[in-house]
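Trainee: I should like to learn how to read the features of a structural model in an orderly way. May we begin with contacts between charged side chains?

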Amino acid sequence: MITVEVVFALPTTATSLLVEVPVGTTAEQAVIKSGIIEKCPEIDANNLTLGIWNRTCKLNQEVKDGDRIEIYRPLIADPKDARRRRAEKAKEEGRANKITGGRPLNKA
């Protein structure tokens, strides 16, 4: 048997559970065995995104003793869209060149 930690965090709280699983257990099996899905109704059990020590992993990846399995929440906003909106706003405010998107030249 090995011991792993299963973690799920919200902006205001975090749930962390230690669970003993047999050698050869997958990340998904460890999450299910921990019981965290029942404790945290915010978790979508049909659409899990997991990571081990801040690196995303596949659901069928075998866990090792001492691993920290993290359950990731879906993104609220697409990072590319957010970056595009910030760039457009900078152009409108004159903080960026309207053609290149770079910083405007200071003509002294």
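Mentor: A salt bridge is a side-chain nitrogen of Lys or Arg within 4 Å of a carboxyl oxygen of Asp or Glu. Arg84 and Asp81 meet this rule, with their closest N and O atoms 2.7 Å apart. Please note that this is a predicted model, in which local features need pLDDT of at least 70 and side-chain atom pairs count only at pLDDT 80 or more, while totals for chains, interfaces and linings use all residues. Residues are numbered from 1 along each chain as its sequence is written, and side-chain values use heavy atoms, with hydrogens and water left out.

Trainee: Where do Arg84 and Asp81 lie?

Mentor: Helices (H or I, at least four residues) and strands (E, at least two) are DSSP runs, numbered from the N terminus. Both residues belong to helix H3 (residues 79-92), where they are three residues apart, about one turn of the helix. For accessibility, buried means under 20% relative accessible area, exposed over 50%, and partly exposed in between (1.4 Å probe, protein chains only). Arg84, at 48%, is partly exposed, and Asp81, at 34%, is partly exposed.

Trainee: How many salt bridges does the structure hold?

Mentor: There are three salt bridges. Glu5 and Arg68 meet through their side chains at 3.8 Å, N to O. Glu5 lies in strand E1 and Arg68 in strand E5, so this pair ties together parts that are 63 residues apart in sequence. Arg68 also forms a salt bridge with Glu70, where the closest N and O atoms are 3.1 Å apart.

Trainee: Are Arg68 and Glu70 buried or exposed?

Mentor: Arg68 is partly exposed, with a relative accessible area of 26%, whereas Glu70 is buried at 7%.

Trainee: With which residues is Ile71 in contact?

Mentor: Contact means heavy atoms within 4.5 Å. When neighbours within four places in sequence are left aside, the contacts of Ile71 include Val6, Val31, Ile36, Ile43 and Leu48.

Trainee: How is the pairing of E1 and E2 to be read?

Mentor: Two strands pair if DSSP finds at least two bridges between them. E1 and E2 run antiparallel and are joined by eight bridges. They form a hairpin with four residues between them. Within this pairing, Val6 stands opposite Leu17 in E2.

Trainee: What should one look for in backbone angles?

Mentor: Most residues other than glycine have a negative phi, and most peptide bonds are trans. In this model, Trp53 has a positive phi, near 50°, and Asn54 likewise has a positive phi, near 70°. Trp53 lies in the loop between strand E3 (50-52) and strand E4 (55-57), and Asn54 lies in the loop between E3 and E4 as well. Trp53 is partly exposed at 47% relative accessibility, while Asn54 is exposed at 65%.

Trainee: How many disulfides are there?

Mentor: A disulfide is a pair of cysteine sulfur atoms within 2.5 Å. By this rule the count is zero. Cys40 is in no disulfide, since its nearest cysteine sulfur, that of Cys57, is 18 Å away. Cys40 is buried at 5% relative accessibility, and Cys57 is buried at 14%.

Trainee: Where is confidence lowest, and where is it highest?

Mentor: pLDDT is the predictor's confidence in each residue, from 0 to 100. Where pLDDT is low, the predicted coordinates should not be read in detail. The chain averages a pLDDT of 86, and 92% of the residues score at least 70. Confidence is lowest in H3, at a mean of 82, and highest in E5, at 95.
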